[in-house]
Amino acid sequence: MPSKKALIRRPGPRLAEGLLTHLERETVDTGLAAEQWEAYAEALRTHGWETVEVDPADDCPDAVFVEDTVVMYRNVALITRPGAESRRGETAGVEEAVARLGCSVNWVWEPGTLDGGDVLKIGDTIYVGRGGRTNAAGVQQLRAVFEPLGARVVAVPVGKVLHLKSAVTALPDGTVLGRIPQLDAPSLFPRFLPVPEESGAHVVLLGGDKLLMAASAPKTAELLADLGHEPVPVDISEFEKLEGCVTCLSVRLRELYV
């Protein structure tokens, strides 16, 4: 029976100090960010997801982007070793949370680095972005954990964006959404749908035809609605200033043993 649990972690007081790689720094309204985070969590709950709040990591400005700390496949958790050293303190609380949920826990070890935002799962295929935050040793360790469980791991070069899922996510039927200018190797995806806005490349599958996506992508929402999907827009403007998107604010656990 599929599970619908989502790990989330509320933004900390140092949010505005979050790392930037491809964007110029803008002023982040931390009060508005807190409101947007609450609305994001409520959108998950409204569509049947049980939110599980991970312990705060207030010394880590990027800790709200909880997806980067763990990769899930079935009920197996791979605790990452983030490519940015300043983010490595974020993983302890997530490790505790997935252990409490009964997950089998594995770890990425030095010299490997892996960010969860570099991992896109489509069925039993796991695409992993090899780029600035995830190195070759991290890709190898991910393979070693998940391929024995039946996963097929495909490494994808990432050089134009922060993470693989900064550029692509996937619809329920496996069609990959993205912007061609942000991709190094779009031909690696067998079914690809170009979208008109950068933030339109990011969807969270809520169940059925419902897609959680950023309010900053109205043209993409219209396109997806025309194709029979139901966009559920949320305003995450303050997190977008920090290179965040709808996927990185939660970890969806769909295949726990329940």
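This is a predicted model: local features need pLDDT of at least 70, side-chain atom pairs count only at pLDDT 80 or more; totals for chains, interfaces and linings use all residues.
1. Residues are numbered from 1 along each chain as its sequence is written, and side-chain values use heavy atoms, with hydrogens and water left out.

2. Strand β4 (residues 76-79) and β5 (residues 104-107) pair in the parallel sense over four bridges. Strands here are DSSP runs of E with at least two residues, helices are runs of H or I with at least four, and both are numbered from the N terminus. Two strands count as paired if DSSP finds at least two bridges between them.

3. Together with helix α2 (residues 91-100), β4 and β5 make a right-handed β-α-β unit. Right-handed means that, with the strands pointing away from the viewer, the path from the first strand over the helix to the second runs clockwise.

4. On its other pairing, β4 meets strand β3 (residues 70-73) in the antiparallel sense, over four bridges. Methionine 72 stands opposite alanine 77 there. The two strands form a hairpin with two residues between them, and arginine 74 in the turn has a positive phi of about 55°.

5. Which residues cover the two faces of β4? Val76 and Leu78 are buried on one side, Ala77 and Ile79 on the other. Buried means under 20% relative accessible area, with a 1.4 Å probe and protein chains only. In a regular strand the side chains alternate between the two faces of the sheet.

6. Elsewhere, three strands form an open, mixed sheet in the order β12-β13-β14. β12 (204-207) and β14 (230-234) are at the edges with a single partner strand each, so one side of each lacks a neighbour in the sheet. β12 and β13 (residues 210-214) pair in the antiparallel sense over three bridges, with valine 204 opposite leucine 212.

7. Helix α1 (residues 30-46) lies across β12, β13 and β14, at about 175° to β13. Helix α5 (residues 218-226) lies across β13 and β14, at about 170° to β13. Contact means heavy atoms within 4.5 Å; axes are lines fitted to C-alpha atoms, for helices over the stretch in contact, with angles from 0 to 180 degrees between N-to-C directions.

Note on methods
Buried means under 20% relative accessible area, exposed over 50%, partly exposed in between (1.4 Å probe, protein chains only).
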